[in-house]
Amino acid sequence: MEKIHFSRKQLGIPYALFLALFVVIPMLLILFYAFTATVDGKITFSFANFLNFFTSTAKLSTLLMSFTIAIISTAICLLIAYPIAYILARSRLKKKNVLLMLFILPMWINFVLRITALRELLDLIGLLGSQNYLNVIIGMVYDFLPFMILPLYTTLEKLDNSYLEAASDLGGNKLTVFTKVTFPLSMPGVVSGITMVFMPSMTNYVVSDTLSNFNITILGKLIDEYFTTYDNWHMGSMISIILLFIIFLSMLFSGGFKENKQETRGANLW
Amino acid sequence: MAELKKEEKIIEIVNVTKMFDDTAAVEDVSFYVRKGEFITFLGPSGCGKTTTLRMIAGFDIPTTGKILLSGKDITNLPPNKRPVNTVFQRYALFPHYNIYDNIAFGLKLKKIPVTYVNDKGETYTKYQKLTRKEIDEKVKNALAVVDLEGFEKRSVSTLSGGQQQRVAIARAIVNEPEILLLDEPLGALDLKMRKEMQIELKEMHRKLGITFIYVTHDQEEALTMSDTIVVMKDGKIQQIGTPTSIYNEPANAFVADFIGDSNILNGTMIDKYTVRFCNHNFKCVDDFEKNEKVDVVVRPEDIKMSDKKDGMLVGKVVSVVFKGVHYEITAIVGRSEMVIQSTQSRNVGDVIGMIIEPDDIHIMKKAFTVNKYDGYITKKNTVVFGDGEFDCDVTTLYPGSHLDEEGYLITANGEKLDLTDTDVNVEVDLTAIEISDNAEEGGARGHIVSLIYKGDHYQYIVRTEENEEDFVLDTEDLWNENDYVSVKIKPENIRISLKQEIK
């Protein structure tokens, strides 16, 4: 029987097909819809959606709202996750993987179920309906915390202890060692974590809808409304493009695209 | 070593033990380091040398014991409070800083006392940070010391191993520590680079005049660079001394073996200043108790080759290796191997004589607690050693194994092994050997060559005729010298271990 040989190019075909079908074509479609308008049943090229977005106070305030919620949620996640990841990674506990697992475990439960449960809990303590912003932020933090812990833990766990010893040997006290060596060297994990939390908290409208009784609208919700409620694919696509652009900008800003990174230290988990 | 005055001690380690979980990495170690000396901790990996260094640096805290710095107890002081800097094994240069910032790291944190005079003419002291200019100056000087002028702006990843090593040294010495600790700093460099750096480090030590504490497993490095060497093994100090004294007068067989090349042979003192090994009596300069079992160390360069008829020992050459300056000749004498270094060559197969001067025979007390032999397993799963054959339990070689009906060994994971001719190490306790006057009863036969009364028991040495193998045993029974006896050992008292894994 003759053996079948695949060249590298041939082996790449399934991936290329997948990419074309589920990434390139949808992207092109979104682009197409974003810069067109349907006038009298005819589709024509148009900048109207773009102009509309940046002149509509309602849409801009939604953007601002999403931004604020995302920034606050990310900051809180970072503040909670860093100490946890640090303690777990630097401790000599033999069972630290089990402890880490406890923080990751909620991810295994269905997300809608978790949020619904949280809603009931907030209702029970009387926050539901009265503290919409707080509730949404609690929900976002609760939901995305594991995504912050994991990359931070991976980075800190692989951090060579001799760097910290060297810093303390050269006269650094515990605080200096942390601010001058530990934290800078854990930056890849921080950036990775921020990216993992910031983006979803701008769009995850299940959280905002459920926990604010539909009182808070974020960008993701807006897109959904245009596609489903208003049946305006053009505006929906435009907002998607703008969101995509924001993501791109933030990646550029956080160094996600930086070339020749010295050491990624396993933080690029995703 | 001469007695030293107390004020000369910069570091003193007092009865320090360091436990990791349940194992002792360093066990009850005591020594001191003199101000300004180049001291080296030498030993194989896992001997506790790095742990000792880390305790001086402050990275590890002793479980028990004290560390004194110029007489002050610093046992529990954190690393940043000690006037000590470390050059790490893998350099540990901060990857997010350039060379300048790496070297300036310590300087930027440093606060020095500055004396001022106020309006009333009183002087007062304030702790101040170094100015930018001072830091620049010091970094520049440190880079000059390590020959890396102009490297300030380079990033760590663009440097070669040797250059990173130099930066690591510069980063440590720029802080002007009282003691510089170096943890196998040359381990990652190639041979040529290592030799160069050895000379440079020694030169740096001379120029800076500070105390260097150096850790290495390379005996040649230790001999080349140090003023004092501390030889360690299994968390304990084996010997402290100058390179010359450690090389010429090793304290025990381990030191002799570890430092330089040596022939280590089993010998017996047969009289004052006379030792017997390789079936020959040698005059020597050490005085030990008569009939004491000793380790005899002879350096390969101390054996002189002669004609067969003139030699104290006669052996057959089995290998000749050219080593550049000398030849390394291995000869078999009886059952022992002798390594000889000589500028003259011989051919493989030559029968040569060997002469060893009394001065060159180093005799060390044998810590005699157990009989050790080289043995092998027979077809019948018995073990042959000491000119005799004994029953033994071969399943102890592999935990969880058992024998099948045909006598093959089945290991815990079901593998079937034929142990015939497997080389093993055999150990038998002194009290586990019995002697009998029925020559057929025991596994080996010989004459009692020595008996020493040890208060509550006698210690006998039974020597076999064929290869002069000795059985040392303790028993309360009385026998006479020259009795012809057989040696009995119960199978469970014969401890066997594999020389190497069976392929």
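Residues are numbered from 1 along each chain as its sequence is written, while chains are lettered from A in the order in which they are written. In this predicted model, local features need pLDDT of at least 70 and side-chain atom pairs count only at pLDDT 80 or more, whereas totals for chains, interfaces and linings use all residues.

**View 1. Asn213(A) and its positive phi.** Most residues other than glycine have a negative phi. Asn213(A), although not a glycine, has a positive phi of about 50 degrees, and it sits in the loop between helix 10 (205-212) and helix 11 (219-229) of chain A. Helices (H or I, at least four residues) and strands (E, at least two) are DSSP runs, numbered from the N terminus. Asn213(A) is partly exposed because 13 other C-beta atoms lie within 10 Å, a class that falls between buried (20 or more other C-beta atoms within 10 Å) and exposed (12 or fewer), with C-beta atoms placed from the backbone.

**View 2. Tyr273(B) in a loop between two strands.** The phi of Tyr273(B), a residue other than glycine, is positive and near 55 degrees. This residue, Tyr273(B), lies in the loop between strand 13 (263-271) and strand 14 (274-277) of chain B, and it counts as partly exposed because it has 14 C-beta neighbours inside 10 Å.

**View 3. The contact of chain B with chain A.** Chain B gives 19 residues to the contact and chain A gives 17 residues, where two residues are in contact if their C-beta atoms, placed from the backbone, lie within 7 Å. On the side of chain B that touches chain A, the elements that give two or more residues are strand 6 (84-87) and helix 2 (99-109) of chain B, and the largest share, 3 residues, comes from helix 2 of chain B.
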